[in-house]
Amino acid sequence: MNTFTYEGQELMSIYDPGTREGLIANLEEIREVLEPDETELRELTDSALEKLRGISDAEYEQLELMPDFED
């Protein structure tokens, strides 16, 4: 399985509706409204999308996508 960075997991946990396809759709929507100067967030989103497209639904189910609001 592709490994996701901590930042990628946090991003995904915020937009995760509970399915891999739903998360991909949400991240694609977010990507479309990013401002041109939000390059770091765009790169993080692109990386997460690429990795999500490369895993199966079963692998997605193994991810622990819970936001860490303590930081």
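A search of the whole structure finds four salt bridges. A salt bridge here is a side-chain nitrogen of Lys or Arg within 4 Å of a carboxyl oxygen of Asp or Glu. This is a predicted model, so local features need pLDDT of at least 70, side-chain atom pairs count only at pLDDT 80 or more, and totals for chains, interfaces and linings use all residues. Residues are numbered from 1 along each chain as its sequence is written, and side-chain values use heavy atoms, with hydrogens and water left out.

- Arginine 20 lies in helix 2. Helices are DSSP runs (H or I, at least four residues), numbered from the N terminus.
- Arginine 20 counts as buried because its relative accessible area is 12%. The cut-offs are under 20% for buried, over 50% for exposed, and in between for partly exposed (1.4 Å probe, protein chains only).
- Glutamate 21 forms a salt bridge with arginine 20, with the closest N and O atoms 3.0 Å apart.
- Aspartate 57 also forms a salt bridge with arginine 20, and here the closest N and O atoms are 2.8 Å apart. This pair links distant parts of the chain: aspartate 57 is in helix 4 and arginine 20 in helix 2, 37 residues apart.
- Aspartate 57 is partly exposed because its relative accessible area is 45%.
- Arginine 20 is in contact with Leu52, Arg53, Ile55, Ser56, Asp57 and Tyr60, leaving aside neighbours within four places in sequence. Contact means heavy atoms within 4.5 Å.

- The side chains of aspartate 46 and arginine 31 meet in a salt bridge of 2.3 Å, N to O. The pair links distant parts of the chain: aspartate 46 sits in helix 3 and arginine 31 in helix 2, 15 residues apart.
- Aspartate 46 has 30% relative accessibility, so aspartate 46 counts as partly exposed. Arginine 31 has 29%, so arginine 31 also counts as partly exposed.
- Back at arginine 20, shared partners join Arg20, Glu21 and Asp57 into one network of salt bridges.

- Lysine 51 belongs to helix 3 (residues 39–53).
- The side chain of lysine 51 reaches the backbone oxygen of threonine 3 at 2.7 Å.

**Helix 2 and its surroundings**

- Helix 2 (residues 20–32) has 13 residues. From first C-alpha to last, helix 2 reaches 19 Å, close to the 18 Å expected at 1.5 Å a residue. The expected span is 1.5 Å times one less than the number of residues.
- The buried residues of helix 2 are Arg20, Gly22, Leu23, Ile24, Leu27 and Ile30. Their cover includes helix 1 (6–15), helix 3 and helix 4 (57–62).
- In helix 1, Gly8, Glu10, Leu11, Met12 and Ser13 are buried. The buried residues of helix 1 pack against helix 2 and helix 3.

- Leucine 23 is found in helix 2. Leucine 23 is buried because its relative accessible area is 0%.
- Leaving aside neighbours within four places in sequence, leucine 23 is in contact with Met12, Tyr15, Asp16, Pro17, Leu52, Tyr60 and Leu65.
- Leucine 23 and leucine 49 are 26 residues apart in sequence and 8.7 Å apart in space, C-alpha to C-alpha.
- The largest nonpolar core has 13 residues, and Met12, Leu23, Leu27, Leu52, Tyr60 and Leu63 touch the most other members. Helix 1, helix 2 and helix 3 each supply at least two residues of this core. A nonpolar core is a set of buried Ala, Val, Leu, Ile, Met, Phe, Trp, Tyr and Cys residues joined through side-chain atoms within 4.5 Å.

**Aspartate 16 in the loop**

- Aspartate 16 lies in the loop between helix 1 and helix 2. Its relative accessibility is 25%, so aspartate 16 counts as partly exposed.
- A polar atom of the aspartate 16 side chain lies 3.0 Å from the backbone nitrogen of glycine 18.
- Aspartate 16 touches Leu23, Tyr60 and Leu65, not counting residues up to four places away in sequence.

Key
Polar contact = N/O pair within 3.5 Å; in protein donor to acceptor, adjacent residues only side chain to side chain.
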